[in-house]
Amino acid sequence: MPHIPNGPAIPSLDRRSLLRGGALGLGLAASPLAAQGGRGFTHGVASGEPSARSVLLWTRYVGTGADRLRWEVAEAEDFAKVVSGGDVVAGPESDWCVKAVAGNLAPGRWYRYRFVAPDGTVSETGRTRTLPEGRTDRFRMAVFSCSNMGFGYFNAYAHAGAAGDFDLAVHLGDYLYEYDPGNYPSADEAVAGRVPAPANELIHLADYRARYASYRSDPDLRRLHAMVPMIAVFDDHETANDAWKGGAQNHQPETEGPWAARTRAAMQARSEWLPVSEAPWARYDVGDLATLLRIETRLTARDKPLDLSDMLKGLPPQAIDGALASLRDGAWADPARSMLGTEQEGWLAGTMAASVRSGRKWQVLVQQVVLGSLRTPPAIAQAAAAGAPDYVRARIASAVRAGAAGLPSNMDAWDGYPAARKRLLAAAQEAGANLVTLTGDTHNAWAFDLANDGAPVGVEFAGQSVSSPGFEAYFGVPRAQAAARALVAFNEGLAWMDATRRGYMAVELTPARASCEWRFSGSVKTRSAALAGTHRMVAEHGARRLTAS
């Protein structure tokens, strides 16, 4: 199986070898989720938001009130020389979570960090890394999305944490899911022992806090956070399914209260429990190699997604094609429909241009939903629908009819906002960017060539989920594989797809190329850090399209 060049070989790790990971992993795997609460340092340590000279540190300490913690950063594991330190206060107003910015660090360097309680108790020791400055020949990222605890184990986190060869972890959203137990996954689909608290849908602050506490108790996620800094964006399930600036498909204001109150609660809990900044979008310069651009496509400015099923509901068959054409030429193409909003669009265009002017090789979007264009081919009906439930067959039939009219099936992705997508691609083109887009959301693995008016602009590496099911859950594996082949054959920009496996992306940047290795876990129904396969694709610098690896 191919691997990214120059990376150390990744062993097929089993549970026993994972537990040999040293001090950073000791005791985590044996602790059941329900037992990892109580007092003191309850959820390990984490870091994020790295720059060349600073990093954000996180822990949770449950004490008696306002407890002052000391944080320390050192290069050596014995902390004989502390190079950065300070105090933070843990209390109930932030659910006992604390964050601190460690500054005055050197660029491109690994550090150890820890927290010390008033009684002398010491947290786990974490490992973090600053971003490089100046000449940078190589940068590696482990990229994740869509981790639904109920569907199984976070084996992707386990493998990446044990691999130990990444400079940065990137999470593209759906870090957790808001549903109540028994609803995605259903009771029949749920894996025993993987039912997170609370036993209800997340609506209020206490609900979101409890769900984060459950997820952050997972030993493989906890270890990953302790091993490498993370940059994270949020997608819809951090609030509610198919979220936009004014609501969500899974939010009913008549019974669940104002949308604004729910989003405030969700974002507060996320800010408390993750090593993330309050800035809705941000840039991260990776030496002279790349600029990472973290963007926000959900709550700031996204207009309500169009809904094909709602628009076609109740129409006689002879009226459907006319309605689709009207939608295609009207609301769908409306240039006023936005994903980012005017302010963020301007920031993104300006930042891409500044990155190119600075001589950086790659402009990398860290974002939520698929940017590439997808339509549903007629062949998918034969490839997949025969063994699917009635509601899935009905959706496929509608998607095929929409595709024949020139419309996409997934209006919740950039496909539902074509004018906004064109503005983004045109800005990258005008800047002369070498665009790489890192994307989550769909639970499946994709590789796209991105073009504007026929000219290549860049590539998209879209990752499979950590545990949430993909096409295989609806079609079965053979039909899902046939559906993937049909989609690749029908969509010009789609270079490759996998529709049946979970895992994560290992993305490497060098001055000459950007490469992605999709790493596939075995079944998520059991806990294992072993890989079941890989697939690799490459974009050469300046080509702005994918080439064979």
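1. Basis of the model. This is a predicted model, in which local features need pLDDT of at least 70 and side-chain atom pairs count only at pLDDT 80 or more, while totals for chains, interfaces and linings use all residues. Residues are numbered from 1 along each chain as its sequence is written, and side-chain values use heavy atoms, with hydrogens and water left out.

2. The sheet. Four strands form an open sheet in the order β4-β3-β6-β7, with antiparallel pairing; strands here are DSSP runs of E with at least two residues, helices are runs of H or I with at least four, both numbered from the N terminus, and two strands pair if DSSP finds at least two bridges between them. The edges are held by β4 (82-90) and β7 (126-129), each with a single partner strand, so one side of each is left without a neighbour in the sheet. On average, and with direction ignored, neighbouring strands of this sheet are turned by 25° against each other, the axes being lines fitted to C-alpha atoms.

3. Strand β3 and its partners. Strand β3 (residues 67-74) pairs with β4 in the antiparallel sense over eight bridges, and within that pairing Trp-71 has Gly-86 of β4 as its bridge partner, whereas Arg-70 has Asp-87 of β4. With strand β6 (residues 110-116), β3 pairs in the antiparallel sense over five bridges, and the partner of Glu-72 in β6 is Arg-114. Six of the eight residues of β3 are buried, so this strand is largely enclosed by the rest of the structure; buried means under 20% relative accessible area, exposed over 50% and partly exposed in between, for a 1.4 Å probe and protein chains only.

4. Aromatic pairs. How many aromatic pairs does a search of the whole structure find? The search finds 17, where rings of Phe, Tyr and Trp (its six-membered ring) pair if their centres lie within 6.5 Å, and planes under 30 degrees apart count as stacked, over 60 as edge-to-face and the rest as tilted. Tyr-179 and Tyr-184 form an edge-to-face pair, 5.7 Å centre to centre with 75° between the planes; Tyr-179 counts as buried at 13% relative accessibility, while Tyr-184, at 22%, counts as partly exposed.

5. A ring cluster and two charges. Ring pairs link Phe-144, Phe-154, Tyr-157, Phe-166, Tyr-215 and Tyr-504 into a cluster. The charged end of Arg-194 sits over the ring of Phe-154, 4.9 Å from its centre, and that of Arg-501 sits over the ring of Phe-520, 3.7 Å from its centre; the criterion is NZ of Lys or CZ of Arg within 6 Å of the ring centre and within 35 degrees of the ring normal.

6. The nonpolar cores. A nonpolar core is a set of buried Ala, Val, Leu, Ile, Met, Phe, Trp, Tyr and Cys residues joined through side-chain atoms within 4.5 Å. Of the 41 residues in the largest one, Leu-348, Met-352, Trp-414, Leu-424, Leu-435 and Trp-446 touch the most other members. The largest share of this core, six residues, comes from α12. Apart from this core lies another, of 37 residues, among them Phe-166, Met-230, Ala-265 and Ala-506.

Notes. Axes fitted to C-alpha atoms, helices over the stretch in contact; angles between N-to-C directions.
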